[in-house]
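Let's take a walk through a protein together, one step at a time. Have a look at the model below before reading on.

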Amino acid sequence: MDAFWIILTGSLVAVCCAMVGSFLVLKGMTMVGDAISHAVLPGIALAFLLSGSRDTLPMLIGAGAVGMLSAFLIETLSRRGGLQADASIGVTFTWLFALGVMIITYYAGNVDLDQDCVLYGEIAYVPLDMWTLESGAEMGPRAVWMMGGVFAAVLGIILLFFKELKLTTFDPQFAAALGIAPLLWHYVLMGCVSLTTVAAFESVGAIIVVALFVVPPATAYLFTHNLRSMLWISSALGISCAVGGYYLAVAIDGSIAGAMAVVAGAEFVLAVLFAPEGGVVTKLLKRENEEPEFLKGEVLKA
């Protein structure tokens, strides 16, 4: 049963990351997930200091607030500060992450909080944190319920506002001409990134979240340029990473989250080699099967 809960949690995280990450890949903002995953550290530390508790709710509130702040800073530095997008991302996440490390270091004697718990996580511990009712009935791991709620929220936003997200992703100017505010939907997307990152770091860690934000959508993009198909394919690839990563970790007795990232990378390499249109091996095979130009339309004479 523990394997089921671990795979289910990993699959929920992977699908949430894949759906949101597809838009990030298309917008050329894949490193925003990395920035937010590191930038939430001061929010977690401050939430602990203010609440005196390591309960999930204050941690989510603190990390979510700083995650949205980081998205705002990235956008402001890029649009009004004259910086390129990658530079604004680098400045924001390094500054906020360093601030979080300093806060934790300064209060190391009083605060039982380690940045390792945020960055690495351990999905194998998911079955140990069960949600138990007052009647004694066990409802399953808290992480499953939390990620299930995030999955429902992200899926609902994408289904309800697919047109707005699609237009602002591909052509913000045209969307603005239609009366759709690109900046508003940018922050909606960043809110989804923050929500997914903050909810997932406790169970799988922020580093694997970054991998799932980028690799399955990038792999899906090699198979299709249709957004709907990309969402489906990236979600399926994310689930296969969760399943394959778990059994790979069991086989080698290694990190489950790390194994999931390894499987994601292996899928990307296979896509680069064998994608139907742009795969390296596929192109070579097509060239070998093509008739040479000088023979087209001609008949060889004895």
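Does Ser11 count as buried or exposed? Ser11 counts as buried, because its relative accessibility is 12%, and buried means under 20% relative accessible area, exposed over 50% and partly exposed in between (1.4 Å probe, protein chains only). Before we go further, note that this is a predicted model, in which local features need pLDDT of at least 70, side-chain atom pairs count only at pLDDT 80 or more, and totals for chains, interfaces and linings use all residues. Residues are numbered from 1 along each chain as its sequence is written, and side-chain values use heavy atoms, with hydrogens and water left out.

You can find Ser11 in helix 1, which covers residues 2–27. Helices (H or I, at least four residues) and strands (E, at least two) are DSSP runs, numbered from the N terminus. Apart from neighbours within four places in sequence, Ser11 is in contact with Ile239 and Ala242; contact here means heavy atoms within 4.5 Å.

Now step back to see the whole chain. The protein chain holds 14 helices and 2 strands, and 44% of its 302 residues count as buried. Take the contacts between residues at least 6 apart in sequence: 67% of them join residues at least 24 apart.

Next, visit helix 5 (residues 85–106), where Thr92 lies. Thr92 is buried because its relative accessible area is 3%. Leaving out residues up to four places away in sequence, Thr92 touches Ser70, Leu73, Ile74 and Leu77.

What about the nonpolar side chains? In soluble globular proteins, such side chains tend to be buried together. In this model, the largest nonpolar core has 63 residues, and Met147, Ile158 and Met190 have the most contacts inside it. Helix 1 gives the largest share of this core, 13 residues. A nonpolar core is a set of buried Ala, Val, Leu, Ile, Met, Phe, Trp, Tyr and Cys residues joined through side-chain atoms within 4.5 Å. Setting aside neighbours within four places in sequence, Met147 is in contact with Leu12, Val13, Cys16, Ala199 and Ala200.

The protein chain exposes about 15600 Å², with carbon and sulfur atoms supplying 65% of it; accessible areas come from the Shrake-Rupley method with a 1.4 Å probe, and for residues only the protein chains shown count as cover. Look also for Met139 in strand 2 (residues 138–141). Met139 counts as partly exposed, because its relative accessibility is 33%.
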